[in-house]
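Q: Can you walk me through this one? I have not looked at it before.

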Amino acid sequence: MERLFLTNLHTPKAVIVIFGATGDLAKRKLFPSIYKLYKSGKIGDDFAVVGLARRPWTNEVFRTNVRESLQNALSMEEDTEEFTSHFYYHPFDVTQAESYTELNGLITDLESTYNTDGNRIFYLAMAPEYFGSIAHRLEEYGLKNSDGWTRLVIEKPFGHDLKSAKELNKEIRVAFNEDQIYRIDHYLGKEMVQNIEVIRFANGIFEHLWNNRSISNVQITSSEELGVEERARYYDHSGAARDMVQNHMLQMVALLAMEPPIKLTTDEIRSEKVKALRALRQLEPEEVDEYFVRGQYGKGTIKGNELVGYREEANELHDSNTETFVAGKVMIDNYRWAGVPFYIRTGKRMAEKCTKIVVEFKDIPMNLYYKEEAEKHPNLLVINIQPNEGITLYLNAKKSGMGSMAEPIQLSYTNNGVSGINTPEAYEKLLFDCMIGDTTNFTHWDEVAHSWAFIDTVLNRWQEVKADFPNYTSGSMGPDAANQLLEKDGFHWWDVAKSE
Ligand SMILES: NC(=O)C1=CN([C@@H]2O[C@H](COP(=O)(O)OP(=O)(O)OC[C@H]3O[C@@H](n4cnc5c(N)ncnc54)[C@H](OP(=O)(O)O)[C@@H]3O)[C@@H](O)[C@H]2O)C=CC1
Ligand SMILES: O=C1O[C@H](COP(=O)(O)O)[C@@H](O)[C@H](O)[C@H]1O
């Protein structure tokens, strides 16, 4: 594939410094994303990447590693020599002060070689315990004193609870302003997550109905087939609530629930999201079991593969009480949403990999076109986030033939089918946003804080009471209690996957 140059406008220039460049995230997500930006002409030749980690690699070993990552992630055999010539490796221990002085020298040299105007991105793809001290040392050793802009990209998790998140934020804010901090939530880079706002606010037919008068409930599912993989150490300390709910799931809730922004600016959009998160109903500890369900997978089968349970995945997990599944009922106590439950559900080792949102509309007062009550089908708006990208609207229409009975029909839009191209990977979009200084799709501190405040109550309650795990089979859609959560409100999870 030839490299494309999409625009004559200035492409962003920067030295991108990746802390943790020998790690999994860099290899699986960051290198392929930078390559796709390069191939699509979104970044030109004025960039360099400095990879940092402790192992004693050379530039050549690093570049070979980058090439392998591209082959694996993008299944391609292209010549990437020119691209990888922009990559430099510097053995570096983040805990050693002298490393930072040497790093500053290397970046300064590369800035003149690659004409990057002193713009620097520091991407922390490392364990979170290092985030605060790295930010502090970047300031202390003058790495922020360049002629251009400096930006700090921080991976999740941002803290372990509200208290630790506040401490971390305080440490980082000593060195960087809020507008220099890019807290990544990769769901905000997904095409259809970004589309939620457009679907809502660019369509009169939805915006009029988008409230408690017309919507009975909203369901957000993000299910994974994968188990804990190689991440037992991290995951067992985290669990599904911290790993997925505090960030990705509540971000989707905020986008679905927010009021229309008065302008499409970062501040206006963020301010509306923050207001929605502020309106989350804070639970009392004794209410947690009524609103939330936790689960941990046992053994089972997915696509014909027999799989062990979570506790058998690694020695240190043998008596783990960590949840690999969460379902919850989230209430938003404001004028628009009073009384409308937002049900969320996420877990590992579930039946399929799928993220989707189902908005269920209220029934009309009288429907004469169905003989049986049970046959009636409410209108649903389904937003398919992944693996399929698109929207399906479920309506009722006349059954073909004699009579005037109704049946559900679907109006579908598939994103890939219409545009004819694969949508960019989330990290690709977010990296580009960072290079052009757009923080809209990154999480502001206030969003992080409100999300932690909400989820802390649930976690504290779970900490007190040992769960009866395992309680769902690998390959299922979670424990029965997750179904009962909706049934007691007169709803059920919509399994709309097979029909699409
Ligand atoms: N992997 C993923 O899919 C996702 C990861 N994340 C987040 O991204 C971050 C990185 O995750 P991941 O790549 O999986 O982690 P890995 O454990 O694979 O990588 C950690 C990296 O840190 C380096 N490192 C460790 N200690 C030091 C040190 N003292 N000085 C310098 N470098 C050090 C390691 O290299 P070396 O041993 O050579 O020093 C390695 O490059 C984490 O915050 C994680 O939560 C978020 C979403 C998804
Ligand atoms: O942040 C995370 O997300 C992934 C799921 O992301 P997706 O884009 O594949 O849906 C999850 O596997 C991981 O545990 C979590 O840290």
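Q: Where does Asp 117 sit?
A: Asp 117 is in the loop between H4 and E4. The labels H and E are DSSP runs numbered from the N terminus: helices (H or I) have at least four residues and strands (E) at least two. This is a predicted model, in which local features need pLDDT of at least 70, side-chain atom pairs count only at pLDDT 80 or more, and totals for chains, interfaces and linings use all residues. Residues are numbered from 1 along each chain as its sequence is written, while chains are lettered from A and ligands numbered from 1 in the order in which they are written.

Q: What is the phi of Asp 117?
A: Positive, about 60°, although Asp 117 is not a glycine. Most residues other than glycine have a negative phi.

Q: Is Asp 117 buried, exposed or partly exposed, and why?
A: Asp 117 counts as partly exposed because it has 16 C-beta neighbours inside 10 Å. A residue is buried if 20 or more other C-beta atoms lie within 10 Å of its own, exposed if 12 or fewer, and partly exposed in between, with C-beta atoms placed from the backbone.

Q: And what about Arg 349, buried or exposed?
A: Arg 349 counts as buried, with 30 C-beta neighbours inside 10 Å. Arg 349 also has a positive phi, about 55°, and is not a glycine. Its place is in the loop between strand E12 (341–347) and strand E13 (354–361).

Q: Which residues are joined by cis peptide bonds?
A: Lys 156 and Pro 157 are joined by one, with omega about 0°. Another joins Gln 386 and Pro 387, also with omega about 0°. Pro 157 lies in the loop between E5 and H6, and Pro 387 in the loop between strand E14 (380–386) and strand E15 (390–398).

Q: Changing topic: which residues of helix H5 are buried?
A: In H5 (residues 131–140), Phe 131, Ile 134, Ala 135, Arg 137 and Leu 138 are buried. They lie on the same side of H5, because they cover an arc of only 165° around the axis. That arc is taken from the directions from the helix axis to the C-beta atoms.

Q: What covers them?
A: The cover includes strand E1 (14–19), helix H4 (97–114), strand E4 (120–124), strand E5 (150–154) and helix H6 (162–175). Contact here is C-beta atoms, placed from the backbone, within 7 Å.

Q: How many residues are in the largest nonpolar core?
A: It has 122 residues, and Val 17, Phe 19 and Val 253 are among those with the most contacts inside it. Helix H9 (residues 232–257) gives the most to this core, 13 residues. A nonpolar core is a set of buried Ala, Val, Leu, Ile, Met, Phe, Trp, Tyr and Cys residues joined through C-beta atoms within 7 Å.

Q: Which domains does the core draw on?
A: At least three residues come from each of domain 1 (14–155) and domain 2 (188–422 + 438–487). The bounds come from an automatic or database domain assignment. The domain centres, taken over C-alpha atoms, are separated by 34 Å.

Q: What does Val 253 touch?
A: Val 253 touches Ile 220, Val 330, Phe 342 and Ile 344, not counting residues up to four places away in sequence.

Q: Last one: what surrounds ligand 2?
A: Glu 224, Leu 226, Asp 243 and Thr 355 surround ligand 2. Near means that the C-beta atom, placed from the backbone, lies within 6 Å.

Terms used
Contact = placed C-beta atoms within 7 Å.
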